[in-house]
Amino acid sequence: MRTQVAIIGAGPSGLLLSQLLQLQGVDNVVLERRTGEYVLGRIRAGVLEQGAVDLLHEARVGARLAREGLAHEGFDICVGDRRHRIDLKGLTGGKCVTVYGQTEVTKDLMDARAALGGTVVYEAQDVALHDLGGKAARVTYRRDGKAAEVVCDYVAGCDGFHGVSRGAIPKDLLRNYERVYPFGWLGVLSDTRPVSDELIYVHHERGFALCSMRSMTRSRYYIQCEFDEDLEEWTDDRFWDELRRRLPPDAAAALQAGPAIEKSIAPLRSFVAEPMRYQRLFLAGDAAHIVPPTGAKGLNLAASDIYYLSRALIAHYKENRDDLLDAYSQTALRRVWKAERFSWWMTTLLHRFPDASAFDRRVQEAELDYVTGSVAARTALAENYVGLPY
Ligand code: APR
Ligand code: PHB
């Protein structure tokens, strides 16, 4: 098979790139290791910046998002029993975020790829990248036991943190930056009414908690837990009890418990690989960087990478210019690092760190007091939360 751009991975990054390119007449093929059902089974964050929403509209996958997405004009930070509202709209001159699950974004993209007749090869095994520095790159894989090959101008590595693309960059040219946090998030999805109309981020001496939602009838809750905790030991009742203990009394009283329809533990990590380009290969999304979920920047960063990469590839094919492709890694990384900083900061502000000294704890308390008490600090938080410009 010959194509212009081979895209590895059919997560949100790969599917969005594929859709944007096809709409501009750039030929592409997506190779995904798993089945479509498996890809849709992964539950992830659900807060979209306006930039991501705009890009989904540009990709013509915004219709259901516009109908079902919930505009959120603010959220709460709880410290102990005190609730402080972060008025996103007021602090940013009118900006909001949209609550709409990543699963739904992925589903809308899959439907759109199918409707436009895009080539997405699911269950592509043993994907391997070759000749990245040659006249044309090659991607080999196996499907139903048969060997297959895509010859292309460029490869977009959109295959997530555990993908193969990043590994195709020689070790001596790649620099990894990483921080692993000493705790995890235990998440529960349930078909219950959300405890509040807006998200609540809780700093509590028993650990962080987050009340989020997917719709007005589906809640998503998280509590900070040990990173090596046994999921089996977390019965639904134990989860709801622990969450209630961390919430302020009014929220605890209002919390509607119900059976968990999904329950999982996620580790928290910050990670960036530089550069995001090597010869004919471009990395995007989780293949190049990971943020801890506090602040929900993962999908939004994937969207900004794809914004830069799609424009750069379209400029190459339609205007015969390569300046955007040549600048891609630097341009994307500038925004990536600001979101990395913000996600690290919000994680550090709100969690309980088991190894914190008495001094560290006092500084954290002072910072929470400052953020909740100062308009300048809240404005900086709000500006980052709604998303920095592309
Ligand atoms: N060959 C083909 N496909 C692969 C391979 C491989 N060797 N390895 C991984 N993949 C696929 C995965 O199965 C997955 O479907 O690549 C896809 C990567 O998708 P994501 O992990 O969702 O990454 P991305 O599309 O960049 O989305 C970023 O997802 O992890 C969240 O927080 C993150 O919300 C952000 C978003
Ligand atoms: C979620 O709804 O899953 C979610 C929301 C906000 C976050 C993280 C996750 O900061």
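This is a predicted model: local features need pLDDT of at least 70, side-chain atom pairs count only at pLDDT 80 or more; totals for chains, interfaces and linings use all residues.
At a relative accessibility of 10%, Asp76 counts as buried, because the limit for a buried residue is under 20% relative accessible area. Its salt-bridge partner is Arg83, with 2.9 Å between N and O. Arg83, at 32% relative accessibility, counts as partly exposed.

In total, the structure holds 28 salt bridges. One of these is formed by Arg64 and Asp108, whose closest N and O atoms are 3.0 Å apart. This pair links distant parts of the chain: Arg64 belongs to helix α4 (residues 63–68) and Asp108 to helix α6 (residues 102–115), with a separation of 44 residues. Both Arg64 and Asp108 are buried. The two residues also take part in a network of salt bridges in which Arg64, Glu68, Glu104 and Asp108 are linked.

A further salt bridge is found between the side chains of Glu178 and Arg269, at an N to O distance of 2.4 Å. Here too the pair links distant parts of the chain, with Glu178 in strand β12 (residues 175–190) and Arg269 in strand β16 (residues 260–274), 91 residues apart. Arg269 has a relative accessible area of 25% and is partly exposed.

Ligand 1 is surrounded by 24 residues, and the closest are Ser13, Glu32, Arg42, Gln102 and Asp286. For Asp286, a polar side-chain atom lies 2.4 Å from an oxygen atom of the ligand. Contacts with the backbone are also present: a polar backbone atom of Leu299 is 3.0 Å from an oxygen atom of ligand 1, and a polar backbone atom of Pro12 is 3.3 Å from an oxygen atom of ligand 1. On its own, ligand 1 has 700 Å² of accessible area, of which the protein covers 92%. Two or more residues of the shell are given by each of the elements α1 (12–23) and α9 (298–319). The largest share, 3 residues, comes from α9. By class, the shell around ligand 1 comprises 9 nonpolar, 8 polar and 7 charged residues.

Around ligand 2 there are 15 residues, the closest being Tyr201, Ser212, Arg214, Tyr222 and Gly295. A polar side-chain atom of Tyr222 is placed 2.5 Å from an oxygen atom of this ligand. At Gly295, a backbone N or O atom lies 2.9 Å from an oxygen atom of ligand 2, while for Ala296 a polar backbone atom is 3.3 Å from an oxygen atom of ligand 2. Taken alone, ligand 2 exposes 280 Å², and the protein buries 100% of that area.

Strands β14 (209–215) and β15 (218–225) each supply at least two residues of the shell around ligand 2. The largest share, 3 residues, is that of β14. The shell residues divide into 9 nonpolar, 4 polar and 2 charged. Ligand 2 lies between domain 1 (5–71 + 100–178 + 269–347) and domain 2 (182–268 + 353–386), because both domains give residues to its shell.

Notes
Residues are numbered from 1 along each chain as its sequence is written. Chains are lettered from A and ligands numbered from 1 in the order in which they are written. Side-chain values use heavy atoms; hydrogens and water are left out. A residue is near a molecule or strand if one of its heavy atoms lies within 4 Å of it. A polar contact is a pair of N or O atoms within 3.5 Å; within protein, one must be able to donate a hydrogen and the other to accept it, and residues adjacent in sequence count only if both atoms are side-chain atoms. Accessible areas come from the Shrake-Rupley method with a 1.4 Å probe; for residues, only the protein chains shown count as cover. Helices (H or I, at least four residues) and strands (E, at least two) are DSSP runs, numbered from the N terminus. Ala, Val, Leu, Ile, Met, Phe, Trp, Tyr, Cys and Pro count as nonpolar, Asp, Glu, Lys and Arg as charged, and the others, Gly among them, as polar. A salt bridge is a side-chain nitrogen of Lys or Arg within 4 Å of a carboxyl oxygen of Asp or Glu. Buried means under 20% relative accessible area, exposed over 50%, partly exposed in between (1.4 Å probe, protein chains only). Domain bounds come from an automatic or database domain assignment.
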